[in-house]
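Have the sequence and the model open side by side, and let's take a walk through the fold.

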Amino acid sequence: MAHNTQNIIKTLKFECKQELTERLIPFWDKLRDDEYGGFYGYVDSELAVDKKADKGLVLTSRILWFYSSCYSIIGGESNLSNARHAYEFVKNKCLDEKNGGVYWMMSHDGQVTDDRKYTYCQSFAIYALCAYYEASKDAEALELALELFDVVEKKCSDEISYGDSFSADFKLCLNDELSENGITAEKTMNTVLHLIEAYTVLYAASNRQDIAERVYFLLKLTKEKLFDEKDNKLFVFFTRDMRVLGDVHSYGHDIEAAWLIDRACKVLENEALIDEWRERGLLIAQNILETAFENDAVNNERCGSEIDKTRVWWVQAESVVGFINAYEQSGELRYLDAALRVWEYIKNVQIDKRPLSEWHDSVGFDGNPKTARMAGTWKCPYHNGRMCVEVLKREFKV
């Protein structure tokens, strides 16, 4: 059995490297904009590139993270070149020199079209800059990430947690980009999760203890306000004073949170915290396996009594990583089996088989694509690229 498992893992690693080198990297390579900088902001379902589309900070920073991480794991000078190209756009077009922070949206030629400051955006810029620093050893990138950390702490935080949406000069404003399901929330689990993600790598890169303390703060916040001990899930939307809004269960964010928080605890090298969150993370993973895993894929979310069974690209990618992490934590083969079954679903259904294409944004429960875009503000190489990178990095020790 052990020998068979080793062969399965070897095959999975081979296929994920192949997915990076033969599909994901070539698709995003062709979106490089050498005239105005950065990468083109939109590709429709017919694979037509809109060269005049806006370029969002979320998309650009995720592309920066992707190429930086690809270079760190598999090399390739073209990957480093594309990472540097994305970095230059972030540095030269997305940073607010007057008020600090990064903007939400730029035009195709790099003019600011939406100057709002989402904490979520700041976190992704930090995350991407750290990845670029690891790949390039460019100290300027780390300095910019540290500056953004200071901005978030000074302008986006309060005594309880972090606000989500701000004007250019950091006045609280309507959170319409990160709210959904008919709920307008001033604070969200999504922002907390990605601050944990960003601050973890920033601490690893800088070894600054004040950053470690904020990771501890975010983990405590997650335990006390976000984690639902009754149902082993995370609450999603909150008021300013962190009261829960709505009855929403985001399956993809839960399985993503389980492994990202485990990583944060390991980077902190806190054994008590590792053990505490291992137990909690396995409860979350078990809950997803038992309530959201259906017909070899993970459903999208539950809102009230309604379950959205759409198969969203990023949910499937995070489920592979999350189930692998649960397997490594527990040694239970049911988690590895789930990860492999989701990967088979991705290969057979989620991936668009057309040449030089990518993954379908979403697929119906019936297996028919519902994709309206192949690349856009939220559709990027971050989740599926990270799935491949994580599989290649992990040793699968149990």
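Helix α7 buries I211, A212, V215, L218, L219, L221, T222 and L226, where buried means under 20% relative accessible area, exposed means over 50%, and partly exposed is in between (1.4 Å probe, protein chains only). Helices here are DSSP runs of H or I with at least four residues, strands are runs of E with at least two, and both are numbered from the N terminus. This is a predicted model, with local features needing pLDDT of at least 70 and side-chain atom pairs counting only at pLDDT 80 or more, while totals for chains, interfaces and linings use all residues. Residues are numbered from 1 along each chain as its sequence is written, and side-chain values use heavy atoms, with hydrogens and water left out.

How far should α7 reach from end to end? With 18 residues (209-226) at 1.5 Å a residue, α7 should span 26 Å, and its end C-alpha atoms sit 24 Å apart, which agrees. The expected span is 1.5 Å times one less than the number of residues.

Now for its partner. Two packed helices are described by the angle between their axes and the distance between the axes. Helix α6 (residues 189-206) and α7 have axes that come within 9 Å and cross at roughly 155°. That makes α6 roughly antiparallel to α7; under 35 degrees counts as roughly parallel, over 145 as roughly antiparallel, 65 to 115 as roughly perpendicular and the rest as oblique. The axes are lines fitted to C-alpha atoms, for helices over the stretch in contact, and angles run from 0 to 180 degrees between N-to-C directions. The crossing of α6 and α7 is left-handed, that is, the near helix is turned anticlockwise from the far one by less than a right angle (clockwise would be right-handed). On the α6 side, the residues in contact (heavy atoms within 4.5 Å) include V192, L195, I196 and Y199, and those they meet in α7 include I211, V215 and L218.

R62, W65, F66, S69, I73 and I74 of α2 make the contact with Y382, H383, G385, R386, V389, L392 and K393 of α12.

On to the sheets, where two strands pair if DSSP finds at least two bridges between them. M106 stands opposite V112 in β5. Another open sheet of 3 strands has the order β8-β11-β12, also antiparallel. Here β8 (187-188) and β12 (244-245) are at the edges with a single partner strand each, so one side of each lacks a neighbour in the sheet. In β11, K187 has F238 as its bridge partner.

Finally, zoom in on N300, in the loop between β15 (297-298) and β16 (301-303). Is N300 buried or exposed? At 14% relative accessibility, N300 counts as buried. Leaving aside residues up to four places away in sequence, N300 touches S250, Y251, G252, D308, T310, V312 and V315. L283, in helix α9 (residues 271-291), counts as partly exposed at 32% relative accessibility.
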